[in-house]
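Subject: Structure for your review

Dear colleague,

Please find below the structure that I am handing over to you. My notes on what was found in it follow directly after.

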Amino acid sequence: MNHFFLLVEPLQTKFINPALLSHRHSLSAPMFEGKLNLPEKACRAFPDRLGSLAAGFDIKDDRSGKSDSAFESGEELEILKPNGPGSAPESEDDYVEMMEEHFESRVRRNPKKYGSRLVSVKEVIAADDKRSDLEYELSQKEINLEKLQRIADTGLPDGGGLRATAWKLLLGYLPSCRDLWEKELTENRQKYLKLKEELLLSPSEITRIKDEVSNYNDQNADNDVDGPLRRQEISQEDHPLSSGKASVWHQYFQHIEIAEQIGRDLQRTHPDMKFFSGDAAFSRKNREAMRNILLLFAKLNPVIRYVQGMNEVLAPMYYVFSTDPDEQNAENAEADSFSCFVRLLSDSVDHFCQQLDNSSGGILSTLSHLAELLKANDEELWRHLEYTNVIKPQYYAFRWITLLLTQEFNLQPILRIWDTLLSNPFGIQDMLLRVCCAMLLCMKSRLLSGDFVANLQLLQHYPDVNIEHLLQVARDLSPDTSSYSLSP
């Protein structure tokens with residue numbers, strides 16, 4: 001009787017003979033020859049890519065001489081016995097179905113070992129294809145932004161710095177011409193360093209630097225002349241005790257208060273993640289970089305300055321850029337994050353300015369557009385919230401919109417949602433309103449049966465949902481009938 005080995009093991013699987021794994025495809029090609037007709041995509045996905053969707057799984061290249069970290073000696077391969085001649089799968093669909101059934105049975109027998117999240121064979125193959133498409137697109141001399149938007153809308157893969165590069169392109173920080181990337185990055189990073197030197201140094205440090213330059217010039221001019229020391233005159237604007245608005249010290253002390261507020265907020269940013277929280281040098285370094293970005297933004301935008309919650313908007317971007325495996329990009333994550341943070345807020349900056357709340361671009365106008373969008377897609381739910389519960393969008397959606405949903409979901413779901421927000425050809429705000437409306441529609445049955453208190457609590461503490469379903473609902477919405485530009 002013929003036998004064949006099935007390599008659909010989870011990440012914890014241990015194999016009996018490491019020598020068999022000296023080449024990654026040795027079991028999926030020669031060993032199966034004449035016994036199992038493997039489809040091309042299945043050969044590519046197993047065992048190479050089975051772990052590519054699992055966080056922290058790092059595939060090793062066999063050229064390094066090291067075996068894949070997912071496979072260790074110790075457990076015997078399972079042998080599947082075909083029922084008879086001709087029972088081996090002949091098509092890709094049959095093969096995938098067989099793989100899924102076998103893997104599901106293993107999960108049911110040992111859920112603790114395999115985890116609660118079942119990643120199907122089709123998902124692995126689809127993710128592998130998406131990664132290949134994205135890598136190919138990002139390798140082109142001229143990036144096709146429309147194609148990149150279509151790929152990003154379905155979700156960018158984790159790892160490899162692909163999301164960091166894609167976000168920079170989608171935000172316009174990187175030009176579509178790949179040959180210009182190095183020049184643009186170098187110029188922008190140098191500009192950021194210059195801004196930090198000019199705006200983040202204290203007046204005393206600035207004065208000291210000026211004095212050193214002046215003394216150096218004087219010494220060169222009068223190198224051989226001895227004489228009395230010169231007395232430095234201090235203007236009213238340069239005096240530390242000056243309370244005038246034009247005083248650099250007065251402005252500095254005002255920004256010290258902002259910096260302290262930023263520091264307190266950063267301590268509360270994703271407290272469950274060591275990347276942001278804790279006393280480790282790594283965590284402190286990340287908070288210091290984010291503090292610089294937010295303080296510099298506040299100084300360059302004196303009307304808006306810093307608004308509580310901006311730290312939450314910055315966090316996903318800084319996290320993605322600083323975890324880029326490219327060392328040079330990771331080292332410059334602070335500069336890149338600043339430029340992209342400014343671009344991200346460019347079409348919603350009025351939401352943070354209280355004086356503009358009632359303007360056409362203010363937050364109240366945007367909340368009104370959300371209500372109109374809900375009415376156009378589900379008038380029953382709109383009437384229930386508007387008249388029965390009297391729950392205005394201001395009570396729950398103000399935070400949704402201004403903070404780009406960063407307070408409603410954990411970091412990983414936010415990264416996925418932002419892939420779609422940033423890739424929308426009609427702008428971030430267009431898709432953001434759609435997602436907010438979809439969040440209401442996904443809770444329709446609970447909202448229709450709830451009273452004011454229950455519904456307000458539900459919307460202010462939004463529950464976990466299937467993110468892909470939520471985004472699909474957002475895409476399928478009809479545009480509202482207001483003057484606000486929504487994609488057709």
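Phe409 has a relative accessibility of 8% and therefore counts as buried, the limit for that class being under 20%. Please bear in mind throughout that this is a predicted model. Tyr462 is likewise buried, with a relative accessible area of 7%.

A search of the whole structure finds twelve aromatic pairs. In one of them, the ring centres of Phe275 and Tyr318 are 6.0 Å apart and the ring planes stand at 50°, so this pair is tilted. Phe275 belongs to the loop between helix H9 (248-267) and helix H10 (281-300), while Tyr318 belongs to helix H11 (residues 310-322); the pair therefore ties together parts that are 43 residues apart in sequence. Both Phe275 and Tyr318 are buried.

Phe409 and Tyr462 make another such pair: their ring centres are 5.9 Å apart and their planes lie at 65°, so the arrangement is edge-to-face. Phe409 is found in the loop between helix H16 (397-402) and helix H17 (411-423), and Tyr462 in the loop between helix H20 (452-460) and helix H21 (467-475), so here the parts tied together are 53 residues apart in sequence.

Phe275 and Tyr318 also belong to one aromatic cluster, whose other members are Phe276, Phe282 and Tyr319. Elsewhere, a charged residue meets a ring: Lys168 lies over the face of Phe321, at 4.8 Å from the ring centre.

Which residues of the largest nonpolar core touch the most other members? They are Phe341, Trp400, Leu405 and Trp418, out of the 101 residues in that core. Helix H18 (residues 428-442) contributes the largest share of this core, namely ten residues. When residues up to four places away in sequence are not counted, Trp418 touches Trp167, Val313, Pro316, Met317, Leu344, Leu404 and Thr406.

Thr420 is placed in helix H17. This residue is buried, with a relative accessible area of 0%. Apart from neighbours within four places in sequence, Thr420 is in contact with Ala152, Asp153, Met431, Leu471 and Arg475.

As to the cysteines, how many disulfides does a search of the whole structure find? The search finds zero. For Cys436, the closest cysteine sulfur is that of Cys437, and at 8.7 Å it is too far for a bond. Cys436 counts as buried because its relative accessibility is 0%. Cys177, by contrast, is partly exposed, with a relative accessible area of 22%.

Finally, some figures for the protein chain as a whole. Its secondary structure comes to 21 helices and four strands. The chain has 488 residues, and buried residues make up 43% of them. Of the contacts between residues at least 6 apart in sequence, 69% join residues at least 24 apart. The chain exposes about 26600 Å², of which carbon and sulfur atoms supply 49%.

Technical notes:
Residues numbered from 1 in each chain as written. Predicted model: local features only at pLDDT ≥ 70, side-chain atom pairs only at ≥ 80, totals over all residues. Heavy atoms only, no water. Phe/Tyr/Trp six-rings, centres within 6.5 Å; stacked < 30°, edge-to-face > 60°. Helix = DSSP H or I, 4+ residues; strand = E, 2+ residues; numbered from the N terminus. Buried < 20%, exposed > 50% of the residue type's maximum accessible area, 1.4 Å probe, protein only. Lys NZ or Arg CZ within 6 Å of the ring centre and 35° of its normal. Core = buried A, V, L, I, M, F, W, Y, C linked by side-chain atoms within 4.5 Å. Contact = heavy atoms within 4.5 Å. Disulfide = S-S within 2.5 Å. Areas by Shrake-Rupley, 256 points an atom, 1.4 Å probe, with all protein chains shown as cover.
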